[in-house]
Structures are given as structure tokens and as C-alpha cells.
Amino acid sequence: MAAAAVCHPPCPPSAVGKRCSAMVLGGRQAEPGVGRGRQAGAGRAGYRGVNTVRLILLYLHLVGFALLLGGSIAQYVSGRLKINLAMLWGALIVVVTGLGLAAPLRGGGDREPDPAKLVVKAVLGLAIGAMVFFSRKREAVNRGHFLAIIALTLVNAAVAVFWR
Ligand code: HEM
């Protein structure tokens, strides 16, 4: 049975029912170049490769997020406010993979995240990275410093999820 086709993001009313470049077929977003002959086939293979890279980066980004937030909260509840290795690696991983994810990997145009969102995420991510990296050798940091790392991490995840 043919998959139902809907547009994502929604098309203007005049385009409803017509084939567009951003169709989702059976819940899967159509790839640029679908259905336009042999050259389009090559474009589709390239897009699939780039999309795989994006998904691997996103996966590693989420691993970094888990290390940073999990490491901070575990350390906080232990009562000793020291930057641990999980926080250090987590901060490094989110910044490196985040900068990779900010590259145009989604086929361009409206598919890419808002540049303003990327700037906000980069500024917050670099601030967190600096707060973790430059205090990594201290036996203990201020409670405010430690709580700010946790709060900014949660804010940056909220920016990623809610700013669409
Ligand atoms: C502590 C720092 C960070 C945290 C906690 C964080 C958190 C997250 C989370 C949870 C997601 C998944 C959102 C989703 O798939 O719905 C995400 C996606 C993303 N993050 Fe980060 N991130 C951080 C740093 C960065 C940095 C420094 C950049 C660089 C600009 C960045 C760029 C991105 C991009 C481009 C995406 C994909 C967004 C999309 O496709 O709409 N992130 N981030």
C-alpha cells in the first residue's frame, strides 16, 4: 500500500496535495533528489551518507550531554563540588559534536536549524566548556559556579528541543 504523504514543515494551502521537496512518506522525510532519474540517485546516496554522519554526531552529542549532566548531578549529590572526568569529557564532546551538527547537513533551506539558535547554543556551550575546563584542577568550586554549570546545561538542552 502507498504511504500517506504529508508535508513537513507544513506547506501553504496553495501547495497542499502537490508533491514538494519536503514530503514525508510514511513518517520518513523524503530525501532531496528523490524520483528524478539517475543523477538524483547519486544525489540521494550522497544525502544518505551526510544524514548518517548527522545521526552519528547527534548520538555522540547526546552521549556527551548525558556525561555532562549525569556527572554534574552525581557529583553535586555527593556533596563535594569538584569538576569530575565525566563532566570534563561531556563538555568537550558536546562542544565538538555540536559544532559538527551546526554544519549544513540537512539538505539546506528550511531544513537547517535557525542560525540564531545555533549562536545561542554555541555561546552557552562554550561558556559551560570554559567553566568546566578552567576549574578542572580545583579541589572544590563555589556552589554558585557548580549550579550554574547544571542550569546552563539544562537551558542549552531546552534551547535544542523547544526552539524549532
Ligand atoms: C552543554 C551544551 C549542550 C547541550 C546540553 C546540548 C544539548 C542538545 C540536545 C539535548 C540536543 C538534541 C535535540 C533534539 O534532537 O531534539 C541537541 C541538538 C543539537 N545541538 Fe546541542 N547541546 C549543547 C551544545 C551545543 C553546541 C556548543 C552546539 C554548537 C552550535 C550545539 C548544536 C546543536 C545542534 C546543531 C543540534 C541539532 C538541532 C536540530 O537539528 O534542530 N549544541 N543539543
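**View 1. Overall layout of the chain.**
The chain has four helices and three strands. Helices are DSSP runs of H or I of at least four residues, strands are runs of E of at least two, and both are numbered from the N terminus. From the N terminus on, the order is β-β-β-α-α-α-α. Of the 164 residues in the chain, 15% are buried. Buried means that 20 or more other C-beta atoms lie within 10 Å of the residue's own; exposed means 12 or fewer; partly exposed falls in between; C-beta atoms are placed from the backbone. Among contacts between residues at least 6 apart in sequence, 57% join residues at least 24 apart. A contact requires C-beta atoms, placed from the backbone, within 7 Å.

**View 2. Confidence along the chain.**
pLDDT is the predictor's confidence in each residue, from 0 to 100. The chain averages a pLDDT of 85, and 76% of the residues score at least 70. Over residues 1-9, pLDDT stays under 50. The model has 14 contacts beyond four places in sequence for residues 1-9. Residues 14-28 also have pLDDT below 50, with 20 contacts in the model beyond near neighbours in sequence. Where pLDDT is low, the predicted coordinates should not be read in detail.

**View 3. The shell around the ligand.**
The shell comprises 21 residues. Gly98, Leu101, Ala122, Gly125 and Ala160 come nearest to the ligand. A residue counts as near if its C-beta atom, placed from the backbone, lies within 6 Å of the molecule. Four helices each supply at least two shell residues: α1 (37-78), α2 (85-101), α3 (115-133) and α4 (143-162). By class, the shell has 15 nonpolar, five polar and one charged residues. Here Ala, Val, Leu, Ile, Met, Phe, Trp, Tyr, Cys and Pro count as nonpolar, Asp, Glu, Lys and Arg as charged, and the others, Gly among them, as polar.

Val53 is partly exposed, because 14 other C-beta atoms lie within 10 Å. Its C-alpha atom is separated by 8.3 Å from that of Leu105, 52 residues apart along the chain.

The 17 residues of α2 should span 24 Å at 1.5 Å a residue, and the end C-alpha atoms are 24 Å apart, which agrees. The expected span is 1.5 Å times one less than the number of residues. Buried in α2 are Met87, Gly90, Ala91, Val94, Val95, Thr97, Gly98 and Leu101. Leu99 also has its place in α2. Leu99 counts as partly exposed, because it has 15 C-beta neighbours inside 10 Å.

The 19 residues of α3 should span 27 Å at 1.5 Å a residue; its end C-alpha atoms are 26 Å apart, which agrees. Lys121, Gly125, Ile128 and Val132 are buried in α3. Seen down the axis, they fall within an arc of 65°, so they line one face of the helix. The arc is that of the directions from the helix axis to the C-beta atoms. What covers these buried residues includes α2 and α4. The face turned away carries the exposed residues Pro115, Ala116, Val119, Val123 and Ala130. Pro115 counts as exposed because it has 9 C-beta neighbours inside 10 Å. Pro115 and Ala102 are 13 residues apart in sequence and 8.6 Å apart in space, C-alpha to C-alpha.

**View 4. Helix α4 and Ile149.**
α4 has 20 residues and reaches 28 Å from its first C-alpha to its last, close to the 28 Å expected at 1.5 Å a residue. Its buried residues are Phe146, Ile149, Thr153 and Asn156. They cover an arc of only 90° around the axis, which puts them on the same side of α4. On the other side, Arg143, Gly144, Leu154, Ala158 and Phe162 are exposed. Ile149 counts as buried because it has 25 C-beta neighbours inside 10 Å. Beyond four places in sequence, Ile149 is in contact with Ser72, Ile128, Met131 and Val132. The C-alpha atoms of Ile149 and Ser72 are separated by 7.9 Å.

Definitions and conventions
Residues numbered from 1 in each chain as written. Predicted model: local features only at pLDDT ≥ 70, side-chain atom pairs only at ≥ 80, totals over all residues. Contact = placed C-beta atoms within 7 Å.
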